[in-house]
Amino acid sequence: MRILVIEDERKVASALEEGLTNAGYQVDVACSGEDGFYLLSTRRYDLLLLDLMLPGRDGLEILKTIRRKGMQFPILILTARDTVEDRVNGLDSGADDYLVKPFAFAELLARIRVLLRRGRSESSLRLVLADLEMDLVTRKVLRGKSEINLTVREFDLLEYLLRHQGQIVSREMLARDVWQQTNRATPIDNLIDVHIARLRRKIDDPFPVKLIHTIRGVGFMMNEGAP
C-alpha cells in the first residue's frame, strides 16, 4: 500500500519515510502542498499523512481542495496544533483522524491500520488467485494453508502481479510502477528477473499448480494454469 506524506519539516518527513518503509509501506514525501498535489495527480495513494503548518498553502486549504476534487482516500492530520478548535476544524474539513505532535510511532501505525481497514471494503483488502491469498493490511501471504514469508520488494511485486492477474505485465511496467524507475537509460531487467525467480521459488515451486508464467519476449502473467 502506498502512503503520501506532505510534511515540510525534513527531519520529521525523513523519520516518517524510514519508519513507514520499514513497516512495509511504499512511501512518497512532498515538502509543500504544490508538490503534494502533483504526486496526487500522477499516482494512486491509499492514505495521506498531512501536516497543517505548511509554507505557502495552509494544510486545511489543501485538505478542503482534495475533498472538493472528490479524492476519497483516508487522510490523517499530523500537527502541533492541539486545541479542540483545531481538531474540530481539521475533522470538519474532511480529515479522517487527527494526531498531535509529538506522538508515538506505534500509535501512528495503529491509526494507519484502522484507517486502511475503514477506508476499503473487506474484499479490496485481500487479493486472491486460486489458493493464493494476500492480505494487504496484515501483509500476510498464504498458499493453501502455508504462510509464505516475503521481503518488502517481493510483496510489492506479487501485489502488482495479482492486481493485474490475467493480464500481461511487461518489465517496463514493473520498472516504472514497482521499482519507481522512470528513466530506462539503465535497464533493470536482470534485477526484475532475479526477483521473479525468487518469487517463483516461494509461490510456485512447492505447489503443483503454477501461477506465475513467463510470456516470452513480452513479460509475465499471473494466471491459474497456462495462459
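Domain bounds here come from an automatic or database domain assignment. Keep that in mind for the last two exercises.

This is a predicted model, in which local features need pLDDT of at least 70 and side-chain atom pairs count only at pLDDT 80 or more, while totals for chains, interfaces and linings use all residues. Residues are numbered from 1 along each chain as its sequence is written, and side-chain values use heavy atoms, with hydrogens and water left out.

**Exercise 1. Find the salt bridge between E107 and R111, and say where in the structure its partners lie.**

Step 1: Recall the rule. A salt bridge is a side-chain nitrogen of Lys or Arg within 4 Å of a carboxyl oxygen of Asp or Glu. A search of the whole structure gives 13 of them.

Step 2: Check the pair. The side chains of E107 and R111 are joined at 2.7 Å, N to O.

Step 3: Helices (H or I, at least four residues) and strands (E, at least two) are DSSP runs, numbered from the N terminus.

Step 4: Look at accessibility. Buried means under 20% relative accessible area, exposed over 50%, and partly exposed in between (1.4 Å probe, protein chains only). E107, at 33%, is partly exposed, and R111, at 23%, is partly exposed too.

**Exercise 2. Is E159 buried or partly exposed, and what is its partner R163?**

Step 1: E159 and R163 form a salt bridge of 3.0 Å, N to O.

Step 2: The two residues sit four apart in helix α6 (residues 152-163), so about one helical turn separates them.

Step 3: E159 has 7% relative accessibility and is buried, whereas R163, at 32%, is partly exposed.

**Exercise 3. Which residues of helix α3 are buried, and what covers them?**

Step 1: Seven of the 10 residues of α3 (residues 59-68) are buried, so the helix is largely enclosed by the rest of the structure.

Step 2: Those residues are G59, L60, I62, L63, T65, I66 and R67.

Step 3: Their cover, judged by contact (heavy atoms within 4.5 Å), includes α2 (33-42), β3 (47-51), β4 (75-79) and α4 (84-92).

Step 4: Move on from the helix. α3 is followed by G70, whose phi is positive, near 85°.

**Exercise 4. Describe the lining of the largest pocket.**

Step 1: Define the space. On a 1 Å grid over the protein atoms alone, a pocket is an open set of points with protein on both sides within 12 Å along at least five of seven lines, a 1.4 Å probe fits in a cavity but cannot get out, and lining residues have an atom within 4 Å of a point. Grid points are joined across faces, edges and corners, and a volume is the space filled by probe spheres set on the points.

Step 2: The largest pocket holds about 420 Å³. Of its 16 lining residues, R2, R44, Y160, D177 and Q180 lie nearest the centre.

Step 3: α6 gives the most to this lining, with four residues.

Step 4: At least three lining residues come from each of domain 1 (2-117) and domain 2 (123-222).

**Exercise 5. Which residues lie nearest the centre of the second largest pocket?**

Step 1: This pocket has about 190 Å³ of space.

Step 2: Among its 13 lining residues, T21, Y25, Q26, V27 and D156 are nearest the centre.

Step 3: Domain 1 (2-117) and domain 2 (123-222) each give at least three residues to this lining.
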